[in-house]
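Let us walk through this structure together, one part after another. Please have the sequence and the model open as you read.

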Amino acid sequence: MKRRDSLKTMALASLGASIFLESCYGISRETITRSLTRYEYGRTPEEKEIDDKLFAQKFFTNDELLTLDKLCNIILPPNEFGSIRDAEVVQLIEFMAKDIPSYQEPLRNGLVWIDKECKTRFTKIFIDCELSQQKEILDEIAYYNPNENMDDQSEPVQWFNLVRNLTMTGYFTSEVGIKELGYKGNFPNVWDGVPQDVLDQYGLEYDKEWLDKFVDQSKRNIIAEWDDDGNLIT
Amino acid sequence: MQIKNSAKEYDVIIVGSGAGGGMATKILSEAGLSVAVVEAGPYYDPANPEQMTQLKWAWHSPRRGAGTRRFFGDYDQAYGGWEIDGEPYGQVGDTDFKWFRSRMLGGRTNHWGRISLRFGPNDFKRKSIDGLGENWPISYDDIKPYYDKVDKLIGVFGTKENMYNEPDGFFLPPPKPRLHELFYIKGARKSNVKVIPSRLSVVTKRINNDRGVCYYCNGCARSCNVYADFSSGSCLIFPAQKSGGQIDLYVNSMVRTVTTNDEGKATGVSFIDKEENKEYKLKGKVVVLAASACSSARILLNSKSKQHPNGLGNSSDLIGKYLHDSTGGDMMAFIPELIDRKTYNEDGVGGMHVYSPWWLDNKKLDFPRGYHIEVWGGMGNPTYGTGFNVNSFNKFFGINKAGGYGDVLRSDMKKYYGSTIGVSGRGESVAQKTNYCEIDPNKVDKYGVPTLRFNYKWTDNEIKQAKHMQDTFEEIIHNMGGIPLWGKPGKDANYGLNKPGWIIHEVGTTRMGNNPKTSVTNEFERLHDVNNVYIVDAGPFVSQADKNPTWTILALAWRSSEHIVEQFKKQNFS
């Protein structure tokens, strides 16, 4: 498949992909406005300005974004919870490359390297290769000895590790990823201790002498009063 | 710069709106005095949806909450950080002092750890115990009534433990420990390290009808929108406004100097309106500095006049000296027993539910002063960085292969989620005259105000203490069945002792005492040299205990504010 064809196929294959391309590629005013209004997270005017500036810049080329999209999909293939596209992983990588400029060189070098490697072996760039060919190369750079320092690994291994890290963090900090991980907090609730079955699992229990001291959640809304010795009486 | 002068004369001008400034605002305004609060940052209210970060998710930020813009992450409520554009600070020699500034109404109280420990009787009289440093001019009994009032006004949870140097207070009931904290309790007790419920200023039980009750989202560093944690704005300044106090807030207003008259008395302040880039003057009968230990020292040192050629209140030449921060050391560990955890909501309050107060006798140790141990861990809210090196812990199972791709990464992610525990020591250093901040003779900030530079060296006292921390942590972690994540730092790395300033407990720059030659302020935090200037941040601290400074800042500020009110009644300020 020619590169142009693959691009077309991909864009046609799913609406998500075309939106993904547009939102990453286009830097029209509407895109910037859309990006900024969806990120409401308590910024100061100065911080908003910084975000604004970053959104208006573009680091990766369209081809590079497509390659990243493919790579991230191999790193975390879609499952019943979601996909790296649902999690907007490639958009995150694009943003982080601008937010942390030291990412730029290694990320780009790796993309150049893998296309070159694919051309040498399969006479095609990465994205045009068969999945089995892509995996053949990834298998050589995807593993490392965790007892060794990452800085001592070869550049392709370091690069893939960076892409894997960004993919993992992009997915598991997204709505779908957090759901899959099972984190259940960040909303108003009442903490009343470790569930009994979990205590049992680890053979733990709360100290009997401490139990009376803990907050009685049924009385949390009664205004606190103390006697002169500091004993709570309400 | 255009200079405008305001005709109004305030009874009191308060510089800074953090813990000390907030308390002074409340006490002085409620006594009927007219007050100007001058804050270098913008207005901030944790309940304002435009400014709120509480309950936001990582994906609400385009960087998923990464710490590239705010050091502790996008959701941390501190406007500023270790570096502020256009407002540099310097170092003397090879000093590497870290100075954290938060420029917003409420200052650093919006994001702090809420660890609210009283200093104990010994903490005011360390020199009498070990011959080092200096005693405070006051004792625990002098400040106890104010600690009591602070507890009742603001709210702090904890338990009565009857430990001499860890005084009990008027506590709200504490929350139950989380799973990793139960592991810590087990590990610490095996080494005879005492563990007690934490003492945090988080409202676990209603304290009044103006503030909400904690809803356990773990977001205290994001500042609470129902005012269930202590922040100076939500707990002191807003209530003072509500009760009808005469309070004018000047925000985005950075004080340059305290102005003085021919007799050398303070007449007010000059400040830069950062939005207009103009300089203004405010008149006040009394000036209360609460800009933080180093910022207040900077203002005083920059307030030179014929009567105060060495800086205002600096006849002792001690302003800026005896600067000291808490010691800090940390260890993080993987707990194999905690792999593949059942997931449930264990957010709790924003901070630890248990801790270890200092438990040893220094007579049997090779260093003075102690430290307390904080514990952290659990199944936290994922943010940027979650999932990095997802299966590098494979090495702890003898598997010399990590990385890969595909579904194995999903299962590894879940396997290791919530399997780490961290312990941190926060201890007392001995204040040294040779550790100081001073005006850098050659530098000004973007407003043209001379900046600070720091000179700071840890001594053997702190380095030996840090070694003790590491040995203790290693033992406790071993007791928990844990494996430290990184090598134990050795002598060459000061045994992991954090850089000075890193713990953000910097104190001591305008220390109090009875002798004007060896101290800058008196026991009411008033300058010895000038009777209408007070400093109610941590500058007047003679020594920083192995506690966190905020509760003591609040208690002292209350005591000093009452003193100011009395002086007004006696017509000593006119």
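A crossing of two helices is called left-handed if the near helix is turned anticlockwise from the far one by less than a right angle, and right-handed if clockwise. Helices (H or I, at least four residues) and strands (E, at least two) are DSSP runs, numbered from the N terminus. With these terms in hand, a word on the model itself. It is a predicted model, in which local features need pLDDT of at least 70 and side-chain atom pairs count only at pLDDT 80 or more, while totals for chains, interfaces and linings use all residues. Residues are numbered from 1 along each chain as its sequence is written, and chains are lettered from A and ligands numbered from 1 in the order in which they are written.

Now to the helix pairs of chain B. Helix 4 (residues 179–190) of chain B passes helix 8 (residues 460–479) of chain B in a right-handed crossing, with the axes coming within 8 Å and crossing at roughly 120 degrees. Here axes are lines fitted to C-alpha atoms, for helices over the stretch in contact, and angles run from 0 to 180 degrees between N-to-C directions. Angles under 35 degrees count as roughly parallel, over 145 as roughly antiparallel, 65 to 115 as roughly perpendicular and the rest as oblique. Helix 4 and helix 8 of chain B are therefore oblique to each other. On the helix 4 side the contact is made by B:G187, B:A188 and B:K190, and on the helix 8 side by B:I476, B:I477 and B:N479; two residues are in contact if their C-beta atoms, placed from the backbone, lie within 7 Å. By class, this contact of helix 4 with helix 8 of chain B has three nonpolar, two polar and one charged residues. In this scheme Ala, Val, Leu, Ile, Met, Phe, Trp, Tyr, Cys and Pro count as nonpolar, Asp, Glu, Lys and Arg as charged, and the others, Gly among them, as polar.

How do helix 1 (residues 19–30) and helix 5 (residues 232–242) of chain B pack, and at what angle? Their axes lie 8 Å apart, at an angle of about 20 degrees, and helix 1 and helix 5 of chain B are therefore roughly parallel to each other. Their crossing is left-handed. Residues making the contact include B:G21, B:G22 and B:K26 of helix 1 of chain B and B:L236 and B:P239 of helix 5 of chain B. The residues of this contact divide into six nonpolar, five polar and two charged.

Next come the strands of chain B. Two strands pair if DSSP finds at least two bridges between them. Strands of chain B in the order 4-17-16 form an open sheet of three strands with mixed pairing. Its edge strands are strand 4 (90–91) and strand 16 (436–444) of chain B, each of which pairs on one side only. Strand 4 runs parallel to strand 17 (residues 450–455) of chain B, joined by two bridges, and B:G90 stands opposite B:R453 there.

Helix 6 of chain B lies across strand 16 and strand 17 of chain B, running at about 55 degrees to strand 16. Nine of the 10 residues of this helix 6 (residues 293–302) of chain B are buried, so it is largely enclosed by the rest of the structure. A residue is buried if 20 or more other C-beta atoms lie within 10 Å of its own, exposed if 12 or fewer, and partly exposed in between, with C-beta atoms placed from the backbone. Among the buried residues are B:A293, B:R298 and B:L301. By contrast, B:G490, in the loop between strand 18 (483–484) and strand 19 of chain B, counts as exposed, with 11 C-beta neighbours inside 10 Å.

Strand 9 (residues 266–273) and strand 10 (residues 278–289) of chain B run antiparallel, joined by six bridges. They form a hairpin with four residues between them, and B:N277 in the turn has a positive phi of about 55 degrees. Strand 10 of chain B is also joined by three bridges to strand 19 (residues 533–535) of chain B, running parallel.

Finally, turn to chain A, with its 12 helices and one strand. Buried residues make up 29% of its 234 residues. The contact between the chains takes 65 residues from chain A and 77 residues from chain B. Helix 9 of chain A gives the largest share of the side of chain A that touches chain B, six residues. Strand 1 of chain A pairs with strand 14 (residues 402–403) of chain B in the antiparallel sense over two bridges, where A:Y144 has B:A402 as its bridge partner.
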